[in-house]
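Subject: Structure handover

Hello,

I am passing on the structure we spoke about, and below it you will find notes on what turned up in it. Please read them with the structure open beside you.

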Amino acid sequence: MDLMDKLASLAQRYEELNNLMGQPEILSDIPLLQRYGREHAELEDVVHKYNEIISTDKEIADAQEMYDSEDGELREMAFEELERLRAQKEKLLEEVKVALLPKDIMDEKNAIVTIQGGAGGDEAALFAGELFRMYSRYADMQRWKIEVMDVNDTEQGGIKDITFAVKGKGAYSRMKYEGGTHRVQRVPVTEANGRIHTSTAKVIVLPEVDDDINIDIKDTDIRVDVYRSTGHGGQSVNTTDSAVRITHLPTGLVVTCQDEKSQLKNKTKALSVLKSRLWDLEEAKRQAELSKNRRSQVQTGDRSEKIRTYNFPQDRVTDHRIGLTRHNLPGFMNGEIDQFLDNLIAIDQAEKLQEWG
């Protein structure tokens, strides 16, 4: 089946869904109506572009008819119109190929992000804190919500590690490109001799696993411990044992949550993180089985890989996966990261289109 045949088939299914969703027996079956609604929404963009291609083909045929006439002036006008329409069709075909690429089923999910200070001690913790602020500001720009689940901060205002949810439509589809090791080069405020230090922070991005994804956690497989929340330097910041630590016995995974004053809320959040980490383990196994396939250069899955350098003396940010360098580091740290994410997504799509052939 060639591309246009495939598009015609999808357009037919789109119309079929339109009719189905108007039938009384479907309207009364809410789960089925929702399933048809999701499929209909997924097809909408592709079918819209297909209709544009059909319309452009008709305009090309009309312009070709004008071009075939013996009127010289008309032929010249038709030639320019044909050039424009053919370019338009080519653009639509590329867009529809991108729209037809296999979807990551997790793309529309919320994201669970962990930032861990790496090499560099206090300076690494300060940098981890700045990355969290950067993502918080980016989330504000996207009208997403940040929900902190667990944080271990330092007296200097840095963060040893933090886990938080980024809640909003498609959060994971963009945040997943932030996973990896981030490196900062600058003169620490504590450095009297003005020497440039290099520190790192690791960012781990997982999709939030909801009821659509079956991750079964048996009560017998977990141990739940409760304790008092702690702040700077380990001092207790709460008078009740509301913080929760969950240990998943089969894997040894440990998740803590102490942000809420309610023990039940902390347990619910910790279980949410545990589900995402268990999904990640299963996904890693699947990827290992598929390792013979060429991996995307912008999504290697190797979290130890250095993906980006933030050089403060040179006011420079470099993404090593795609060789992109930009200046205006203050703006970037203020959440203006879309220029990098857009390029990462475009290159990821281009690689997948090459596999399309």
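A residue is called buried when its relative accessible area is under 20%, exposed when that value is over 50%, and partly exposed in between, with a 1.4 Å probe and protein chains only. Please bear in mind that this is a predicted model, in which local features need pLDDT of at least 70 and side-chain atom pairs count only at pLDDT 80 or more, while totals for chains, interfaces and linings use all residues. Residues are numbered from 1 along each chain as its sequence is written, and side-chain values use heavy atoms, with hydrogens and water left out.

If contact is taken as heavy atoms within 4.5 Å, T251 is in contact with L278 and L281, leaving aside its neighbours within four places in sequence. L33, by comparison, is 218 residues from T251 in sequence and 39 Å from T251 in space, C-alpha to C-alpha.

Strand 6 pairs with strand 7 (residues 243-248) over six bridges, and R223 stands opposite T247 in strand 7.

N311, in strand 9 (residues 306-311), is buried, since its relative accessible area is 7%. Not counting residues up to four places away in sequence, N311 touches Q185, R316 and L329.

Finally, the axes of helix 3 (residues 30-67) and helix 4 (residues 72-100) come within 9 Å and cross at roughly 160°; axes are lines fitted to C-alpha atoms, for helices over the stretch in contact, and angles run from 0 to 180 degrees between N-to-C directions. Helix 3 is therefore roughly antiparallel to helix 4, given that angles under 35 degrees count as roughly parallel, over 145 as roughly antiparallel, 65 to 115 as roughly perpendicular and the rest as oblique.

Best wishes

Definitions and conventions:
Helices (H or I, at least four residues) and strands (E, at least two) are DSSP runs, numbered from the N terminus. Two strands pair if DSSP finds at least two bridges between them.
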